[in-house]
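Here are my notes on the model. They go point by point, from the sheet to the cores and then to single residues.

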Amino acid sequence: MTPDGTLRGFIDDVDRVVGTTDDEHEITKQVAALLSALLAGGYRLPPEATRPSKEHHVNYPLHIAPGDSWCLVSVVWSPGQRTPVHGHETWGVVGIHSGAERETRYLKPAGGPGRPLTPAGEQVWQRGEVTVCCTTDDDVHAVTAVGDAPTVGIHVYGGNIGTMRRRLYDPATGEVRWLVSGWDVPDAGARS
Ligand SMILES: [Fe+2]
């Protein structure tokens with residue numbers, strides 16, 4: 001998908017931030033401000049980047065920076081779809097383009113596997129809201145799409161999130177599995 005002019009400007013702004021500092025807390029603060037402004041300005045993704053799948057939530061790449069230094073993603077859920085409890089192993093910022101999602105957070109386990117995860121709160125995010133979902137040291141959550149309409153999020157991550165090895169957690173036991181999520185391909189057809 002080729003970014004339109006508005007999204008191109010956002011990508012250039014994030015490039016500047018990522019090129020200025022390695023501090024994840026500073027990057028996420030600045031990217032969150034940029035993403036809030038993008039959504040407050042009424043930015044709408046093209047329809048092919050907002051199509052849900054009946055099977056599972058989908059990740060459409062909007063931009064992958066050279067060297068996989070960061071990426072921009074449209075994440076789309078049908079109502080009721082949910083992620084497993086997962087980590088990101090990098091920083092990330094999430095803005096709600098449409099619909100709503102419930103985020104359930106957990107503390108990142110410091111020790112080895114074998115202990116239940118510690119819940120760290122739950123929040124519903126609505127259209128236009130932006131949250132720092134993760135820094136490398138605090139990156140564990142699960143997300144459920146809530147409401148009657150599909151949920152679409154614009155996500156920014158500090159790497160190529162589709163090719164990175166990431167953790168999936170069993171919150172009851174702390175057991176870890178590793179996953180590479182891959183990417184979904186926007187379909188210009190009439191899939192629903
Ligand atoms: Fe996530």
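1. Ground rules. Helices (H or I, at least four residues) and strands (E, at least two) are DSSP runs, numbered from the N terminus. The model is predicted: local features need pLDDT of at least 70, side-chain atom pairs count only at pLDDT 80 or more, and totals for chains, interfaces and linings use all residues. Residues are numbered from 1 along each chain as its sequence is written, and side-chain values use heavy atoms, with hydrogens and water left out.

2. The sheet. Five strands form an open sheet in the order β1-β2-β9-β4-β7, with antiparallel pairing. Two strands pair if DSSP finds at least two bridges between them. β1 and β7 (130-134) are the edge strands, each pairing on one side only. On average, neighbouring strands are turned by 25 degrees against each other, direction ignored. Axes here are lines fitted to C-alpha atoms, for helices over the stretch in contact; angles run from 0 to 180 degrees between N-to-C directions.

3. β4 (residues 92-98) and β7 run antiparallel and are joined by 4 bridges. Val93 has Val132 as its bridge partner in β7. Helix α2 packs on the sheet and touches β4, β7 and β9. The direction of α2 makes about 10 degrees with that of β4. Contact means heavy atoms within 4.5 Å.

4. The cores. A nonpolar core is a set of buried Ala, Val, Leu, Ile, Met, Phe, Trp, Tyr and Cys residues joined through side-chain atoms within 4.5 Å. Buried means under 20% relative accessible area, exposed over 50%, partly exposed in between (1.4 Å probe, protein chains only). The largest core has 28 residues; Leu35, Trp70, Leu72 and Val156 touch the most other members. Two or more residues each come from α1 (5-20), α2 (24-40), β1 (58-64), β2 (71-77) and β9 (151-157). Another core, of 14 residues, lies apart from it, with Cys71, Val73, Trp77 and Cys134 among its members.

5. Leu35. Residues up to four places away in sequence are not counted here. Leu35 touches Phe10, Val93, Val94, Gly95, Val130, Ile154 and Val156.

6. Cys133. Is Cys133 buried or exposed? Cys133 counts as buried because its relative accessibility is 1%. Cys133 sits in strand β7. Beyond neighbours within four places in sequence, its contacts include His88, Glu103, Arg105, Asp138, Asp139, His141 and Tyr157. Arg8 is 125 residues from Cys133 in sequence and 23 Å away in space, C-alpha to C-alpha.

7. Two residues deserve a look. Asp68, in the loop between β1 and β2, has phi near 55 degrees. Asp68 counts as partly exposed, at 37% relative accessibility. Glu89, in the loop between β3 (85-86) and β4, has phi near 65 degrees. Glu89 counts as buried, at 18%.

8. The β10-β11 hairpin. β10 (residues 166-169) and β11 (residues 176-179) run antiparallel, joined by 4 bridges. Leu168 has Arg177 as its bridge partner in β11. The hairpin has 6 residues between the strands, and Gly174 takes a positive phi near 80 degrees.

9. A charge over a ring. Arg165 lies over the face of Trp178, at 4.4 Å from the ring centre. The criterion is NZ of Lys or CZ of Arg within 6 Å of the ring centre and within 35 degrees of the ring normal.
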